[in-house]
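Reader: I'm new to this one and would like to go through it slowly. Could you show me the structure before I start asking things?

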Amino acid sequence: MTVANDSQLVDGVIAGNRRALAKTITLIESSRVDHQARAGDVLGALLPRTGRSIRVGISGVPGVGKSTFIEALGMALIGRGHKVAVLAIDPSSSLTGGSILGDKTRMEKLSQSPDAYIRPSPSSGSLGGVAARTREAMLVCEAAGFDVVIVETVGVGQSETAVAGMTDVFVLLQLPNAGDDLQAIKKGIVELADIVVYNKCDIDETAAGRAMQQMRGALHLLRAASAGWTVPVLKVSALQHAGLDEFWVAIQRYQEAMQATGAWEARRSRQALDWMWALVDQGLRSRFERHAAVRAALPDVRAAVAAGTLPASAAALRLLQAMD
Ligand code: GDP
């Protein structure tokens, strides 16, 4: 592709053209060095058009109802004139090849709406790589006019930090079962939450009330993710579309509270800087892996470490020196 085509991509994205949007994200996801350089240029051109959305992270264990919730919420938001993009970070996708959004039957209505754009995780790469690409895809969606970007992840721990690190507000979806709160607390996910939502409250109201009470107690003991904000614990039924308005009111309250103190912009600035360093790390790592002398030394060094004849520290030093 030529430079002219890249400017067509930029113009297409800005015009809200879905093909241009998809092509740009594919370019971003490509691991080819020349593609990465082009993706950088395209992103640079789009950057002035980004930042005007609300970025919502949503996490929860498989089966909690994330796709049902996002579909119901997304359709409700579209009904109010919003444009909704849904992206995913799925650390398991690189292992299984499948993605949490890979199944096309998920979010069926939303995926057919012209005002929605759904994109699964890139299915290969490290969590860091997947997160970086998702973050860039988020910016492309913003440039294309999506004013609500939802980033979904699976509630296993590590990917939550990545999602909380790229969104304005981080939402934890919980099941009203005994013990679900403990799991989330143990994995350190509750600390990241700005809003906790109990889904499937239609099944057993009493159990839901009890779980919510316990969660409020636990949150009381934890340091709030955002200073000056008491994490609300809400209940919904994604299946019956109940509680979605209250949820969106909580999101807006959060936005107003954070904007009033400047914390909203501060969070974005911090995230942009963290991202810069993450990209530096990633770039160094991929240069390292491509370096001829490193590649030549690697098989022997790896074998020696695996066999226990070379300490990992000495091995790392040897490989780094090979790069120098
Ligand atoms: P995900 O794996 O977190 O994306 O979960 P899904 O959205 O695929 O939902 C898992 C199952 O829970 C599906 O069978 C849904 O129909 C069901 N489900 C989702 N939300 C609710 C709800 O609010 N109430 C009830 N009763 N079932 C729900």
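Reader: How many residues surround the ligand, and which are the closest?
Author: In this predicted model, the ligand is surrounded by 16 residues, and the closest of these are Gly63, Lys66, Thr68, Arg106 and Asp202.

Reader: And how does that shell divide into nonpolar, polar and charged residues?
Author: The shell around the ligand is made up of six nonpolar residues, six polar ones and four that are charged.

Reader: What lies 2.7 Å from a nitrogen atom of the ligand?
Author: That is a polar side-chain atom of Asp202, a residue that is also listed among the closest to the ligand. On the oxygen side, a polar side-chain atom of Asn199 is 3.1 Å from an oxygen atom of the ligand, while Val64 has a polar backbone atom at 3.4 Å from a ligand oxygen.

Reader: OK, and how much of the ligand's exposed area does the protein bury?
Author: The ligand taken alone exposes 580 Å², and the protein buries 72% of that.

Reader: Switching to helices: at what angle do α2 and α3 pack?
Author: Helix α2, which covers residues 18-29, packs against helix α3, residues 33-46, at an angle of about 130°, and their axes are 8 Å apart. With that angle, α2 is oblique to α3, and the crossing of the two is left-handed.

Reader: What about α7 and α12, how far apart are their axes?
Author: For helix α7 (residues 127-143) and helix α12 (residues 263-290) the axes are 11 Å apart, with a packing angle of about 130°, and the two are therefore oblique to each other. The crossing in which α7 passes α12 is left-handed.

Notes:
Residues are numbered from 1 along each chain as its sequence is written. This is a predicted model: local features need pLDDT of at least 70, side-chain atom pairs count only at pLDDT 80 or more; totals for chains, interfaces and linings use all residues. Side-chain values use heavy atoms; hydrogens and water are left out. A residue is near a molecule or strand if one of its heavy atoms lies within 4 Å of it. A polar contact is a pair of N or O atoms within 3.5 Å; within protein, one must be able to donate a hydrogen and the other to accept it, and residues adjacent in sequence count only if both atoms are side-chain atoms. Accessible areas come from the Shrake-Rupley method with a 1.4 Å probe; for residues, only the protein chains shown count as cover. Ala, Val, Leu, Ile, Met, Phe, Trp, Tyr, Cys and Pro count as nonpolar, Asp, Glu, Lys and Arg as charged, and the others, Gly among them, as polar. Axes are lines fitted to C-alpha atoms, for helices over the stretch in contact, and angles run from 0 to 180 degrees between N-to-C directions. Helices (H or I, at least four residues) and strands (E, at least two) are DSSP runs, numbered from the N terminus. Angles under 35 degrees count as roughly parallel, over 145 as roughly antiparallel, 65 to 115 as roughly perpendicular and the rest as oblique. A crossing is left-handed if the near helix is turned anticlockwise from the far one by less than a right angle, and right-handed if clockwise.
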